[in-house]
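Subject: A structure to look through

Hello,

Please find below the structure I promised to pass on to you. Once you have had a look at it, read on for what was found, which I have set out piece by piece.

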Amino acid sequence: MRAITGFITKSIGFIKKNKLFFLIPVFVLIMGDVILFPISSDIRIFGILLFFFYLIKRFALTSTVTLLFSLLLLILTYVMYLWTDPLLFYQPLVPAVERFAVWLYLFLVLGIYQKWRE
Amino acid sequence: MASYASIFRVKITLWVICILLFLLPFLWLKPGELELGGDSSRLYLYDPGAFLRSTSLYSVQPGNNGVVAPNQNLIPYLFVLKIIDSIFHSPYLLINVSNALKLVGAFFFVYLIVVEMLKPHVDKSKESQADLAGILAGLFYTFSPSVGANMHAALLTHNQVFLNPVMFYLIMKFLFTDNAKYLWLTLLVTFLFSPNFTLIAPPPLFAFYPLALCFLALYVKFVIKKSLPWKYIFIGVILFLGIHAFHIIPVVSYTFDKSSYLGQRLLEATAAKNEGLNYFNAVLGLGKVSKNIFYTYSLPEVRWATLAVPLMIILGYLLSKRIGRDLALLTSFFFVTLFLTSANITQLGVEIYRKLFSIPGFGMFRVFYGQWQWVYAFFYSVLFGYLSFVVFAKLRLRSVYVLSVIIAGFFIYSSWTFISGDLLKAPLWGSNNMTNIMKINPDYEQSLAFLKAIPDDGKIINFPFTDYAYQLIAGTNNGAYIGVSPTAYLTGRHDYSGYQDIAPFSNLFLQLIKDKNYGAVRRLLGLLNVKYIFYSADPKAYKQFFPAFPYGLFLEAVPDDKALADLVGSIAGPKIFEQGYYRVLEADVKEYLPRFYIPATVYPFDTQEKKEPDYASFFTTPLSEPRVAFVERTVCDSVFTAQTCTQHAIETTGGLPVVTYKRINPTKYRVQVSGARNPYTLVFSDKYHSRWKLYISKKEGEELQVNGSYFDGSIRESAHDDIFLNAKTFETLGMPSIPDNQHFLVNGYANAWYITPEDSSGREQYEIIVEMVEQRVFYYSAAISIVAICVFLLYGASILRKK
């Protein structure tokens, strides 16, 4: 019990220290983009990215935050990948997994760039 | 001490994996089984010598009407295969060793690259971790779809799966160490595997090397921070161009010929836009980022095992203290190649991709998800190896072993379809459970030997007739070969195997068969210079086992085996060979027009723009004199007088001259003409090409031995030769050829020359030499290559002496 409490305390500390709660609105926006809109849009994509840039600048978010977010996106993409009908990959449609994969690509590029600059 | 023991264990593991990978292809095929099919086929593994002679020594290709194409790049590779074949006499062995080389080379050199790149970050205590990261990267690459998915129908350039890592490693070592030994080895590899460095197979070449060389140059400049060894690079480039001159120069010459297919594809302004961009737009939806991140074979049941690689990569980034220049560079190239192979990364990305198609030649990447996959898999593997080490460096060695085994297990599981050989044994598309793995029928081998031994050079038509330029040969097991025609590529004879081969009469041929107009079919075959019919009555080679592919169109005209036998019976003459299911029959001798003939009548015909000429009119009416030629009226106007061409038929006046012809090699013929008192047209039934030239020799022609005669002796066929080079090879140099305006297209495909008494200075008896002058370009460039190879060998010897 003590170990679990310790882990939770540590995790909360980590989240606070790295300001991970700032990821919640970004996560909500990405989920909204993928779930609510059937077609991908650069305006939404670059809008959300600009918002994330703002968060990075305003709250000094580190690359660890962006890379952890990429990890979350990887897991989401993976789950969606397992759930997606394999035949969809051979059709010109864009399944949700593809939208998540593009987000993963973009956040990974961003996170690595951040880390390189740090 | 423990560290040394662990390093030893890892090295043993490395060698055991290499041995297992080498043995793996031997488990896919049982002794005696062959796996040769595909678009470019692997008939060169069945008989490298025959393939070398038929495809590489001459600029005229075997198959159909003799297409002009520079395939000399195959010579060194096929020569090496020929040496191995002459020792072991086993295509089974050649196929397996070739596949084994791909697997071991791919694995070992990716391992070496990763270890080399990690060297600056590895101390003695972390050597095992680096080795294990390299091994995992090697396994990931080797078992990836980029290596395995195409192995069952591997093109000649498929060697890139191991050549890419080999070349990358050798160039890397050369640039890192400035050691000329590596430069020399790099050049040697390029020479031995010239098919991968030819300009006629550009996508694999231009997808990998520009990116790889750019990566290495930036690495040396910004990571190692040393200058590039420009002096050695200059020597290397000059030697490369020299030793590869024998295929580069013919291809360049061929490309700048606007009538060539390659020239049209590359140089015409509309080519990039129409072919490249339109195709790209059509297939854009097939580029999937997620499939490339979770990179494995397209089997739903293995998808869950694909998380390890991207997970290790993100963990590696998270755990690395900082991103150094080397990792930043590697990451950049990974992202660039992922973008190139996926395309669908934001609308802005797609628009940028579309703009790339305005670069001349970029149209070759229109199947972007296929053409970039090899370079992507390469950078993905190296990045995975690098970042695996970052993760491993944080763990205890025991944990690293466990994790490595688990990850390797995932690779093996997700690639089991390839490792087990199931991919190779998968049923051929459109067949009833026939596979690509065949046991060749000894009767078929005897048929090939018979066809090869036929002394005249009449063409062959193969039945069953496919929809493509393929031939289908069934094995004694439930396997079959589908690929380029063995009749052509293993015997060197011109043949027709499918719908595409028989252009421009493709539709007409099938229509005449449907209409059961066998007389017209016989006349069509005669005009195409078809003298023999090769017929496989093997039920495994037709509808029963291949109901959908590759016979869709032909099956509409000839619905089953019985109809096929009836067709062959209706158009063929006497049988001259039979062994098992295989028969060789003569075509209708009365309609047969030899390779060279002088038409008694030339018929002008009209064409309408964007409409196929009425070719049916050539054949539907029987003619008392089969020696005829058909010429398009506007062409006729430019050769003859316009008044002459208004006639329905242009008769050759004053009796037909007698011709005796002899093939010196597929690019050169000698024709003796006698009794040529009046102007006449000489038809040569090879595919029309402006580079076929006709020379009238001023010297007395040599006496030609007559082996066959047609039309009461007015056309005679001599014993043919296959002389690649002798004292007379360059005899036409300096001789004036018949002017180009007297060379024209007849019969929809063939060459013809209008020859007047003035051309022969009034002589009635003389010798003509018909030559494909592109072949000269090969002779000259081969001479450059021979000199360059001598310099290259001396350079190698000097490197050894310095050591």
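This is a predicted model: local features need pLDDT of at least 70, side-chain atom pairs count only at pLDDT 80 or more; totals for chains, interfaces and linings use all residues.

**Two residues with positive phi**

Which phi value does K516(B) have, although it is not a glycine? Its phi is positive, at about 55°, and the residue belongs to the loop of chain B between α26 and α27 (518-527).

**A proline in the helix α1 of chain B**

P25(B) sits in helix α1 of chain B, which runs over residues 2-28. Is P25(B) buried or exposed? P25(B) counts as buried, because it has 22 C-beta neighbours inside 10 Å. If one leaves aside the neighbours within four places in sequence, the residues in contact with P25(B) are N96(B), N99(B), A100(B) and L103(B). As for a residue elsewhere in the chain, L185(B) is 160 residues from P25(B) in sequence, and the distance between the two in space is 27 Å, taken from C-alpha to C-alpha.

**Two helix pairs in chain B**

The helix α5 (residues 91-118) of chain B and the helix α20 (residues 373-393) of chain B have axes that come within 9 Å of each other and cross at roughly 50°, and these two helices, α5(B) and α20(B), are therefore oblique to each other. The crossing of α5(B) with α20(B) is right-handed. On the side of α5(B) the contact is made by V110(B), I113(B), V114(B), M117(B) and L118(B), while α20(B) brings in S381(B), V382(B), G385(B), Y386(B) and F389(B). By class, the residues of this contact are eight nonpolar and two polar, with no charged residue.

The other pair is made up of helix α10 (residues 202-224) of chain B and α17(B), whose axes come within 10 Å and cross at roughly 160°. How does α10(B) run relative to α17(B), parallel or antiparallel? Because an angle over 145 degrees counts as roughly antiparallel, α10(B) is roughly antiparallel to α17(B). This crossing of α10(B) and α17(B) is right-handed. The residues that α10(B) gives to the contact are L211(B), F215(B), L218(B), Y219(B), F222(B) and V223(B), and those from α17(B) are R325(B), D326(B), L329(B), F333(B) and T337(B). Here the contact between α10(B) and α17(B) comes to eight nonpolar residues, one polar and two charged.

**Where the two chains touch**

How many residues does each chain give to the contact between chain A and chain B? Chain B gives 28 residues and chain A gives 27 residues. On the side of chain B that touches chain A, the elements that give two or more residues are α15 (289-293), α16 (308-319), α17 (325-342) and α18 (346-356), and of these α16(B) gives the most, with five residues. Sorted by class, that side of chain B holds 18 nonpolar, seven polar and three charged residues.

Chain B is divided into domain 1 (2-30 + 90-425), domain 2 (437-591) and domain 3 (596-772), and the C-alpha centres of domain 1 and domain 3 of chain B lie 52 Å apart.

Chain A has five helices and zero strands, and its C-alpha trace spans about 50 × 35 × 25 Å along its principal axes. Of the 118 residues in chain A, 30% are buried. Among the contacts in chain A between residues at least 6 apart in sequence, 74% join residues that are at least 24 apart.

With best wishes

How values were computed
Residues are numbered from 1 along each chain as its sequence is written. Chains are lettered from A and ligands numbered from 1 in the order in which they are written. Two residues are in contact if their C-beta atoms, placed from the backbone, lie within 7 Å. Helices (H or I, at least four residues) and strands (E, at least two) are DSSP runs, numbered from the N terminus. Ala, Val, Leu, Ile, Met, Phe, Trp, Tyr, Cys and Pro count as nonpolar, Asp, Glu, Lys and Arg as charged, and the others, Gly among them, as polar. Domain bounds come from an automatic or database domain assignment. Axes are lines fitted to C-alpha atoms, for helices over the stretch in contact, and angles run from 0 to 180 degrees between N-to-C directions. Angles under 35 degrees count as roughly parallel, over 145 as roughly antiparallel, 65 to 115 as roughly perpendicular and the rest as oblique. A crossing is left-handed if the near helix is turned anticlockwise from the far one by less than a right angle, and right-handed if clockwise. A residue is buried if 20 or more other C-beta atoms lie within 10 Å of its own, exposed if 12 or fewer, and partly exposed in between; C-beta atoms are placed from the backbone.
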